[in-house]
Amino acid sequence: MDNVQGKPDLKNRRDFLKYLLSAGVLGFAASVIYPVLSYLKPPKQSEVEVTSVSAGKLSDFPKDSGKIIRFGNKPVLVVYSADGNLHALSAECTHLGCTVQFRKDLDLIWCACHNGKYDLNGRNISGPPPRPLTPFKVIVKAGEIFISKMA
Amino acid sequence: MKNYFKCLYNWIDERVQLEDLVKFMGKKYVPVHRHSIWYYFGGVSLFFFIIQVTTGILLLFYYKGSSDLAFESVQFIMSKVQFGWLVRSIHAWAANLFILSAFVHMFSVYFEKAYRKPREMTWITGMLMFFMCLGFGFSGYLLPWNTLSFFATKVGTDIAGNVPIIGGPLKVFIRGGDDVTGATLSRLFGFHVALFPGIFTILLGIHLILIQRQGISEPVHFSEKPASEKKTMPFFPNFLLRDLLLWLIVLNVLAILAVFLPADLGIKANPFASAPAGIKPEWYFLFMFQSLKYFPSHILFADGETVGILLFGAAGVLWLLIPFWDRKSSRGEQNRFVNYLGLFAVIFIIILTFLGWLS
Ligand code: FES
């Protein structure tokens, strides 16, 4: 150490090397960590944009019942109510994302996970759900039910 | 026969000086007092870990970690593979008992204040392993890919998504996408069988080395006694043999549970079916889950659930760091506050678990 202090340019040179080394280590770490983190981030799958989905024939759909259909990769609940109205709502509970169901006995939409309840228009009426279910558009064309996103 | 062992021992001893190790072990003592029983739960937890690794490897020979095949492969293990049902059942039961014994071990260390200086690092590694146990439980639960586990994972990851700022990315990271899908299964499978066991083994190594280096902690009331009144027991062989005997008992209990109450499989998960009634997390998450229910949906401007999660997070951090803020115990003084806090935690967990179980 003594002779280093005696020769300032040697000390500078050593500092310089130290910086170079730490920069190298940092650069190396970054070049390892960055690809790993990027790798772990799931790639966005290019979803086929679904605009409209068939929910089957109206004549095959008993009144006062509900069924879940696939809308892209999301579940949608279609309810044919006792008074003859069709409702289509996102089936993902707004609380913690369980899939809801139509309860004939209650004439309500019910989430089994924490007993959340919605009316047939998707309004959250009791239990933990904080928001209403997103509604979808329903049209009947030539006896077939079509579900599409609300404009 | 004895001669062969002697020969083998000498052969190894000549090369690595086993003599030192035996001497070292011979000098280790375990304090004997009215709370000595609790010393055994660390060893029991270790035993469960060994069982989990063994049965886990056995399951890996047949399990397939993809959403199309997972359920069927578990079904195959349970119906076609000889003793497959037993192996899976043991794995499922041992997981529960593992967490139970880790709970007991943690609380006994807490109440004995064994975390106090100089054993802070032992406590921290232990707590990290405890959190990992919960992670093992959560990730392993999804692997059979049945309806219950599918929705439990959905709800669990959704709760994680409520954490401010990091919640969103965290949820996507765990799920491997926006929804719980086959990608989630692959991820949790990777965590469960590779990442977690690797990290856990390192932590366990540190934990055990620290215990060997520092010896077993004496509770405050014990260390105050004069040396002549301290009753101790040699670690080797007395304590070790007792521990092994307990392992044998535990193994029997495990076998009885696994045989008479085998783990069932349920119905294959279908992302496009309604959630069945009775979705509940595993019992060790139940107390948190149940308490979240009591939070109103809005507290001031914040989402009630978010507040609840933050409170649990803060409590966890406080608990993890106890060796650093409980200075009194490190000085060898009584700290009643810590006792009451621990008591409160135990009672809180028991009551809420019970309430959650009833509902
Ligand atoms: S997820 Fe539907 S009520 Fe909680």
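**Figure 1. Contact between helix H1 and helix H2 of chain B in a predicted model.** Tyr9(B), Ile12(B), Asp13(B) and Val16(B) of H1(B) touch Leu18(B), Glu19(B) and Val22(B) of H2(B); contact means heavy atoms within 4.5 Å. Five of the residues in this contact are nonpolar, none is polar and two are charged. Here Ala, Val, Leu, Ile, Met, Phe, Trp, Tyr, Cys and Pro count as nonpolar, Asp, Glu, Lys and Arg as charged, and the others, Gly among them, as polar. H1(B) spans residues 2–16 and H2(B) residues 18–26, and their axes come within 7 Å and cross at roughly 95°. Axes are lines fitted to C-alpha atoms, for helices over the stretch in contact, and angles run from 0 to 180 degrees between N-to-C directions. H1(B) and H2(B) are therefore roughly perpendicular to each other; angles under 35 degrees count as roughly parallel, over 145 as roughly antiparallel, 65 to 115 as roughly perpendicular and the rest as oblique. Helices (H or I, at least four residues) and strands (E, at least two) are DSSP runs, numbered from the N terminus.

In this predicted model, local features need pLDDT of at least 70 and side-chain atom pairs count only at pLDDT 80 or more, while totals for chains, interfaces and linings use all residues. Residues are numbered from 1 along each chain as its sequence is written, chains are lettered from A and ligands numbered from 1 in the order in which they are written, and side-chain values use heavy atoms, with hydrogens and water left out.

**Figure 2. The loop between H1 and H2 of chain B, with Gln17(B).** Gln17(B) has a positive phi, near 55°, although Gln17(B) is a residue other than glycine. Most residues other than glycine have a negative phi, and most peptide bonds are trans. With a relative accessible area of 42%, Gln17(B) is partly exposed. Buried means under 20% relative accessible area, exposed over 50%, and partly exposed in between (1.4 Å probe, protein chains only).

**Figure 3. The interface of chain A and chain B.** In this view, 23 residues of chain A are in contact with 25 residues of chain B. The buried area is about 1,800 Å², and carbon and sulfur atoms give 58% of that area. Buried area is the accessible area (1.4 Å probe) that two parts lose on being put together, summed over both. On the chain A side, Pro42(A), Leu96(A) and Thr99(A) lose the most area to chain B, together 30% of what that side buries.

**Figure 4. Salt bridges across the interface of chain A and chain B.** A salt bridge is a side-chain nitrogen of Lys or Arg within 4 Å of a carboxyl oxygen of Asp or Glu. Asp178(B) pairs with Lys44(A), with the closest N and O atoms 3.9 Å apart. Asp178(B) lies in the loop between helix H8 (167–175) and helix H9 (182–214) of chain B, and Lys44(A) in the loop between helix H2 (8–40) and strand S1 (52–57) of chain A. Asp178(B) is partly exposed at 43% relative accessibility, whereas Lys44(A) is exposed at 71%.

**Figure 5. Glu92(A) and its salt bridge partners.** Glu92(A) forms a salt bridge with Lys154(B), where the closest N and O atoms are 3.6 Å apart. Glu92(A) also meets Lys74(A) in a salt bridge of 4.0 Å, N to O. Glu92(A) is in the loop between strand S4 (86–90) and S5 of chain A, and Lys74(A) is in strand S3 (residues 74–80), so the pair ties together parts that are 18 residues apart in sequence. Lys74(A) is partly exposed, at 32% relative accessibility.

Figure 6. Among the buried residues are Tyr284(B), Phe285(B), Leu286(B) and Phe287(B). The buried residues of H12(B) pack against helix H5 (84–111), helix H6 (120–142), helix H7 (147–160), helix H13 (304–320) and helix H16 (336–358) of chain B.

**Figure 7. Two cis peptide bonds of chain B.** The bond from Lys117(B) to Pro118(B) is cis, with omega near 10°, and Pro118(B) is in the loop between H5 and H6. The bond joining Phe236(B) and Pro237(B) is cis with omega about 0°, and Pro237(B) lies in helix H11.
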